[in-house]
Amino acid sequence: MALRRSPKAASVQQRADPEAVRTAAVTLLARRDFASAELRARLCSQGFEDGAAGQVIAELAARGVLDDRRFAENYVNWHAGRGQGPIRIAADLRRLGLPEGLVDAALASGPDWPALARRVRTARFGGKPPASWADKARQARFLQYRGFSSDHIRAATGADPDLD
């Protein structure tokens, strides 16, 4: 019985072949958008050489097929639409290998973060503001988990200790 190889695994001849790397990269990009570093890691995990992957990624970026700025903006818009805050989104983008400048620019072009925190809080806990400190703390923990800063949380929950 012959063993079948995974179609994703690169053969010895294909590891450095730019055309095979390009085909694999375009196949991945056809499914979803990738950050450059993420795509490079994915190609290397499939057995392609790092140099060949870097060469193909540079070519795709020059042609506009791969754009880290566009990826970061789309990522921010998608995840903000799902109710996630800027701290969590920034951490995800850094984990994907995007430079700090692109992360900051994408977050700055994102939604009104305090307003988003209020909408997320209202959707989860209702329109009535928290009555007790225990409720404020519970709602603050929820918003903190979602990735909102303390300023956004205070704006959303009305938890300003100077006012109470």
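1. Quick length check on helix H1 (residues 18-31) to start: it has 14 residues, so at 1.5 Å a residue the span should be 20 Å, and the end C-alpha atoms do sit 20 Å apart, which agrees. The expected span here is 1.5 Å times one less than the number of residues. Helices are DSSP runs of H or I with at least four residues, strands are E runs of at least two, and both are numbered from the N terminus.

2. Before going further: this is a predicted model, with local features needing pLDDT of at least 70 and side-chain atom pairs counting only at pLDDT 80 or more, while totals for chains, interfaces and linings use all residues. Residues are numbered from 1 along each chain as its sequence is written, and side-chain values use heavy atoms, with hydrogens and water left out.

3. Of the 164 residues in the chain, 40% are buried (under 20% relative accessible area with a 1.4 Å probe, protein chains only; exposed is over 50%, partly exposed in between). Among contacts (heavy atoms within 4.5 Å) with a separation of 6 or more, 58% join residues 24 or more positions apart.

4. Back to H1. Its buried residues are Ala-20, Val-21, Arg-22, Ala-24, Ala-25, Leu-28 and Leu-29. Helix H2 (36-45) and helix H3 (50-62) are among what covers them. An α-helix has 3.6 residues a turn, so residues three or four places apart point the same way.

5. H2 and H3 also pack on each other. Their axes come within 9 Å and cross at roughly 140° (axes are lines fitted to C-alpha atoms, for helices over the stretch in contact, and angles run from 0 to 180 degrees between N-to-C directions). The pair is therefore oblique; the cut-offs are under 35 degrees for roughly parallel, over 145 for roughly antiparallel, 65 to 115 for roughly perpendicular, and oblique for the rest. Ser-36, Leu-39, Arg-40, Leu-43 and Cys-44 of H2 meet Asp-50, Ala-53, Gly-54 and Ile-57 of H3. That contact splits into five nonpolar, two polar and two charged residues (nonpolar: Ala, Val, Leu, Ile, Met, Phe, Trp, Tyr, Cys and Pro; charged: Asp, Glu, Lys and Arg; polar: the others, Gly among them).

6. Is Gln-55 buried or exposed? At 54% relative accessibility, Gln-55 counts as exposed. Gln-55 and Arg-40 are 15 residues apart in sequence, with their C-alpha atoms 9.9 Å apart in space.

7. Next pair: helix H5 (residues 86-95) and helix H6 (residues 100-108) pack at an angle of about 150°, axes 10 Å apart. That makes H5 roughly antiparallel to H6. On the H5 side the contact uses Pro-86, Ile-89, Ala-90, Leu-93 and Arg-94, and on the H6 side Glu-100, Val-103 and Leu-107. By class it has six nonpolar, no polar and two charged residues.

8. Last pair: the axes of H8 (residues 133-146) and helix H9 (residues 150-157) come within 10 Å and cross at roughly 135°. That makes H8 oblique to H9. Lys-136, Gln-139, Ala-140, Leu-143 and Gln-144 in H8 touch Ile-153, Ala-156 and Thr-157 in H9, giving four nonpolar, three polar and one charged residue. Ala-137, also in H8, counts as partly exposed at 32% relative accessibility. Ala-137 and Thr-157 are 20 residues apart in sequence and 9.0 Å apart in space, C-alpha to C-alpha.
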